[in-house]
Amino acid sequence: MATIDFDNVQKSYGEVHAIRDFTLHVEDGDFCVFVGPSGCGKSTALKMLAGLEATSAGSISIGGRDVTELGPGKRDIAMVFQNYALYPHMSVRSNIGFGLKMRGQDKADINRRVEAAAETLELTSYLDRRPRALSGGQRQRVALGRAIVREPSAFLMDEPLSNLDAKLRVQTRSEIVNLQKRLGVTTIYVTHDQVEALTMASKIVVMRGGVIQQIGSPDTLFAEPANIFVAGFIGSPGMNFFRGPVEIENGRAQTRFGEQVVPLSVSPDRLPRGEAIFGIRPEHLKIGGETGGTPVSLGLVESLGTEKILHFPTPEGQAIHSLQKVIGSDDAARDSTTMLARVIDDRRYSDGEHVRVALPEGKVHVFDPETQKALS
Amino acid sequence: MQKRSPLGTFGIYATVIFTCAALLFPIYWMILTALSPRTRLREYPPRFWPDDPQWGVFADLLATQPFALWMWNTILVAVATMILSLTVGVLAAYALSRHRLRGGQGLGLFILTSKMLPATLLVIPLFAIFKSLGLVGSLWSVVIAQATLIVPFATWMLKGYFDTIPPELEHAALVDGCSPLGALVRVVLPVAAPGLAATALYAFVISWSDFLYARTFLTTSESKWTLNVGIATLKGEFVTDWNTIMAASLMAAVPIIGVYLFLERYLVGGLSSGSDK
Ligand SMILES: Nc1ncnc2c1ncn2[C@@H]1O[C@H](COP(=O)(O)OP(=O)(O)O)[C@@H](O)[C@H]1O
Ligand SMILES: [Mg+2]
């Protein structure tokens, strides 16, 4: 039984504020993922929870016990590191059993628990090898074994899959989720990969520049992003944005996308005057209708079989030139003058083809151009 | 791999053989001189093969000089110097490597500059200090003096080694329940074994070959003489038994070879591989 609470935690390295106003409650048994671009402070937050970094201010509790001043060994947590950090001079058996040994368990008990953990992770036949004689995937499992054998009240994992190749990563991803479900141990998992976050988490914390942007379930983050950054970060590919006028017609708000008039579900008094930023997910765009929408000419067509990503230019005058800065996207393919549509159908699309693109009602997100916050 | 041309192979072997010959010839000459009868030492042309080896020279040396005592003193000094230098060096290097100390970079360089001061420059002030501490004539004076020479370089060597060990390794140990010192002793030091062995060997060799400090601080107390001080007294004012001196020097070199053979297995690097991905 362990809940985890960050209460207004701050961390600065000299002038650099790595973490600001970090407040978070994690339920017992949650799989909570910290996600955000590299350098946003995910590892720092995790290390403060582990006791490997001191907090500059605020407090941290695990299972209701204030651990802010406790050392890492006294917090009853286990951690899996990005580079695994296996003890190279010890056998797999000793690596897994080291934490139990340090806690003064008796030998027979350690052995029994190490063998049980090895069994779970299919490491039994490697117990007497040194880490150097294992493959990358096996090393990763030893690192997991070192964590589960202690039966701690929380697992902390810092990008544990980023050193595996793509196929093994997907496979291990579900193994970790299943393991966590079975053990029911509260888990904090750090990754920069939003796909990992969406597929694994029961609760996601999106971070940027040391500040929490949004906390929520994968569905919430996808359907109701709190701001432009989250909307652009979550999703593959992330949300499209464009500028548009805010018009009031018969008491209802609407905007325009090229030739199309798009009704908005937000009440008019919540909208800014003049202009707003609008977002639409690539999978929500309707492509290829006979009428309605606005005509565009396709640019790049990326085909993955039935699934296709279509690139087309943002309608004249509706591109947001400061968008790169807002999203901070490292996705070079994404520029503010291009929009993406994700379609799954059997039609063939080709470069330069003219199609009609329509924005369905109820799927358009509205953001305040000043604060970049979502309006609803 | 590209196949080497025969000429290249020849060049490599020629270089190796020449280098070995140049390095080993003095040792060969020591052995030859030690085993030659005294009357032959100044013969010209010299003989390159001891056709009449005088093995008795070793027994004579042990019978007429307190050679065992010198050896014992030298071992005490070398071992104590090694332990002191390594202890101080490990703690200093670990702190420099792991903690971003204010001015730590400058401090690291400053430590190294003290290595640039010649021992001859330090010997006079050290003598004055040891005199006031009442350490002159004690083996500790030599141990401490040698450590001042060895620690800076040892710290630098070890820091370089610790820098290659990922800090996550200690983090893992801390999470597993080690104290910070426990993480150093149980995880970092075993992984740094090759670096420790190299540093220990360095300390041992420097200490073993010291003459200046031992001669300066120990001359007056004959029972504390080290090998190098003792052997130097074999050089008489009127006659010098070069064969005896060479025999003593040969025996003095044996422990160094022993230490090297013992530490060699740890000197081989690559122990830390396998800890990460
Ligand atoms: N020991 C440190 N000293 C100074 N700055 C640091 C230190 N550790 C991390 N930082 C800074 O804190 C920020 C967050 O780093 P980190 O938590 O490692 O990011 P992430 O894990 O999200 O990629 C970065 O800007 C980084 O440069
Ligand atoms: Mg990180």
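**View 1. Strands β9(A) and β10(A) form a hairpin.** Between the two strands lie 2 residues, and Gly209(A) in the turn has a positive phi of about 55°. Strand β9 covers residues 203-208 of chain A and strand β10 covers residues 211-216; they run antiparallel and are joined by 5 bridges. Met207(A) has Ile212(A) as its bridge partner in β10(A). Strands (E, at least two residues) and helices (H or I, at least four) are DSSP runs, numbered from the N terminus. Two strands pair if DSSP finds at least two bridges between them. The model is predicted: local features need pLDDT of at least 70 and side-chain atom pairs count only at pLDDT 80 or more, while totals for chains, interfaces and linings use all residues. Residues are numbered from 1 along each chain as its sequence is written, chains are lettered from A and ligands numbered from 1 in the order in which they are written, and side-chain values use heavy atoms, with hydrogens and water left out.

**View 2. An open sheet of 4 strands in chain A has the order β2-β1-β4-β5.** Its pairing is antiparallel. Strand β1 (residues 4-13) of chain A is linked to β2(A) by 7 bridges. Ser12(A) has His17(A) as its bridge partner in β2(A). Helix α1 (residues 42-50) of chain A packs on the sheet and touches β1, β2 and β4 (57-62) of chain A. The direction of α1 makes about 115° with that of β1(A).

**View 3. Helices α7 (residues 168-175) and α8 (residues 180-191) of chain B cross at roughly 135°.** Their axes, which are lines fitted to C-alpha atoms over the stretch in contact, come within 9 Å. The angle, on a scale from 0 to 180 degrees between N-to-C directions, makes α7(B) oblique to α8(B). Oblique covers what is left after under 35 degrees (roughly parallel), over 145 (roughly antiparallel) and 65 to 115 (roughly perpendicular). From α7(B), the contact (heavy atoms within 4.5 Å) is made by Leu169(B), Glu170(B), Ala173(B) and Leu174(B). From α8(B), Pro180(B), Ala183(B), Val187(B), Val188(B) and Val191(B) take part.

**View 4. Two spans of chain B are listed by UniProt as "transmembrane region" in an unreviewed entry, among them residues 183-208 and 244-263.** Such annotations may be inferred rather than shown by experiment. Residues 183-208 are 96% helix and 0% strand, with end C-alpha atoms 32 Å apart. Residues 244-263 are 100% helix and 0% strand, and their end C-alpha atoms lie 30 Å apart.
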